[in-house]
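Welcome! Here is a short briefing to read alongside the structure.

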Amino acid sequence: MAAAFLLLVVHIEAMLAHPVLYGRSLWWYLIGKRMRAGLHLAPLLGQTPHAFALWLARNGALPHIEQSAKPPRIVALIQDGEGSEATLASLLAESIEARVVSAVSDVQWAISDSEGWVMPVANGDIIASGAGDYYRAAAAKAPENCRVIYADDDLIDRKGRRHKPHFKPDWNSELFRHFDYVTGAALVRAARAPSIKGREPYWAARLVAEAVEDSERENGAIIHLHHILHHRRSRPAPRLPLAQRQPARAQETLPRVSVLVPTRNRVDLLANCLEGLSRTEYPQPLEILVIDNGSDDPATLHYLAQLDPAAVRVLRDDGPFNFAAINNRAVQEARGAVLCFLNNDIEIEETGWLVAMARQAVRPDVGAVGAQLLYPDGRIQHAGVVIGIGGAAAHAHRLLKPDEEGYFHRHALPQFVSAVTAACMVVERTKFDAVGGFDAERFAVSFNDVDLCLRLGARGWCSLYEPRARLVHHESVSRRLDRDQTGAARQAREVAFLNDLWNMRLVTKGATYDPFHHPHLSRLSEHFVPAL
């Protein structure tokens, strides 16, 4: 009954906040366009004041979990101070031993006494009912080289009301560099006290960071439990990156970049894009290849003919538009060790964008690197790609303003993602060639970038979103949107190929999930909101 009432409340809140969008979504639902209705309705419902309360009414209790015959010992470490009584009581209820510590020397003693797993807990935080069983079960099954097990959390006020859940990604080392989303909701298998002295208040974060370093050095597992096991009084804020401009550092060596720009007519867009490339700061001269896919506009042809061939090479590639094929052919003409795929409708404002992206692309663990792309009105068009959204894949945080908090500032933080868009993508030539380039047979126009990123990821090269490279994308200005019958049919085929190759339907149905998203986040929303 409570869930039914809250569902009504959430719908009323969504309708009052966005009456036009809510009404339009209902109309689409009534005429049978269920997916389109869901894609618009899910973020409206998920951002209402009572959305989390509804989620809790449906999902709040932790399911029973089988225990090991010999569960491991866990010792919680609590900083001495106000609020520790409530924390101690919750730990006692979960049969977790506790030590109140006031200095790093106390931490060292507790680690030595614990025989392994410790749980740094902040004063006033509450351990969820059933959390002890989940942690003990996970620790019992963890491999020897596992140093960290972390869980999701939410905030709790002084009246015991829960809010602002954090459904976290699976381990994301790049995100962790800027946002410690682990400390305060984790077990640590520590071999030593953190390398700090005295009454340093951040010993817990240092303890976790050093355990992470040990785990990564040993290629160990870092385990994520997809349940809210901690109710916290506060959380650390992410460290947002510095200013967008990314000049090359002294003595920094970056390889030559070939920039590939497909175009057809629309000289205004192409000229603006090339002008931005001429202002781009990079330690080596850029090789710019313009791929003319059948331009027949006299002004465009005149502009292309006037380009200085020493600065810009024009490759004529007539025939039907096949984004994957024309880029693959152009790659064969490119001489750079790094490839930059760039749409002709990209507008470049920040001059250091390419340094920021190439710096990431040459890392041995990185595949494709994507930029933060904005619509001309300043809202986000691309901040990484989440697989499984809407039955295929979609851009994360779309339509959010860059200075908004969004979902824990994820749109503003460098991080690994499952895929990035090829509207502005940087990748090393050897990695691109190793996976065979874009799949031009299956993905002529859509999802060729997603498929490429997933194939790179399967080889161990993860895609990376780099928000310090910020550009403007006049999306689909120079090409028609897929709203005509032919385009819609092609789009449907490409969605089917993506589903067949990468099991997107299983992600959409919840049987699996994007590791950089979360099973409890909606698969019908580009914004990260609870699944309702």
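Predicted model: local features only at pLDDT ≥ 70, side-chain atom pairs only at ≥ 80, totals over all residues.

Residues are numbered from 1 along each chain as its sequence is written, and side-chain values use heavy atoms, with hydrogens and water left out.

**How α1 meets α3**

- Helix α1 (residues 2-17) packs against helix α3 (residues 34-46) at an angle of about 105 degrees, and their axes are 8 Å apart.
- That angle makes α1 roughly perpendicular to α3 (65 to 115 degrees counts as roughly perpendicular, on a scale from 0 to 180 degrees between N-to-C directions).
- On the α1 side the contact (heavy atoms within 4.5 Å) uses Val 10, His 11 and Ala 14, and on the α3 side Leu 41, Leu 44 and Leu 45.
- By class, the residues in this contact of α1 with α3 are five nonpolar, one polar and no charged (Ala, Val, Leu, Ile, Met, Phe, Trp, Tyr, Cys and Pro count as nonpolar, Asp, Glu, Lys and Arg as charged, and the others, Gly among them, as polar).

**How α2 meets α3**

- Helix α2 (residues 19-30) and α3 have axes that come within 8 Å and cross at roughly 150 degrees.
- This makes α2 roughly antiparallel to α3 (over 145 degrees).
- From α2, the contact takes in Leu 21, Tyr 22, Ser 25, Trp 28 and Tyr 29; from α3 come Arg 34, Arg 36, Ala 37, His 40, Leu 41 and Leu 44.
- Seven nonpolar, two polar and two charged residues make up the contact of α2 with α3.

**Cysteines**

- A search of the whole structure turns up zero disulfides (a disulfide is a pair of cysteine sulfur atoms within 2.5 Å).
- Cys 424 has its closest cysteine sulfur in Cys 340, and at 5.0 Å this is too far for a bond.
- Cys 424 is buried, with a relative accessible area of 0% (buried means under 20%, with a 1.4 Å probe and protein chains only).
- For Cys 453, the closest cysteine sulfur is that of Cys 462, 9.1 Å away and too far for a bond.
- Cys 453 also counts as buried, at 2% relative accessibility.

**A loop residue**

- Asn 322 sits in the loop between β11 (312-316) and α12 (323-333) (helices are DSSP runs of H or I, at least four residues, and strands of E, at least two, numbered from the N terminus).
- Asn 322 is buried, with a relative accessible area of 16%.
- Setting aside neighbours within four places in sequence, Asn 322 is in contact with Ala 440 and Ala 444.

Note on methods: Buried < 20%, exposed > 50% of the residue type's maximum accessible area, 1.4 Å probe, protein only. Parallel < 35°, antiparallel > 145°, perpendicular 65-115°, else oblique.
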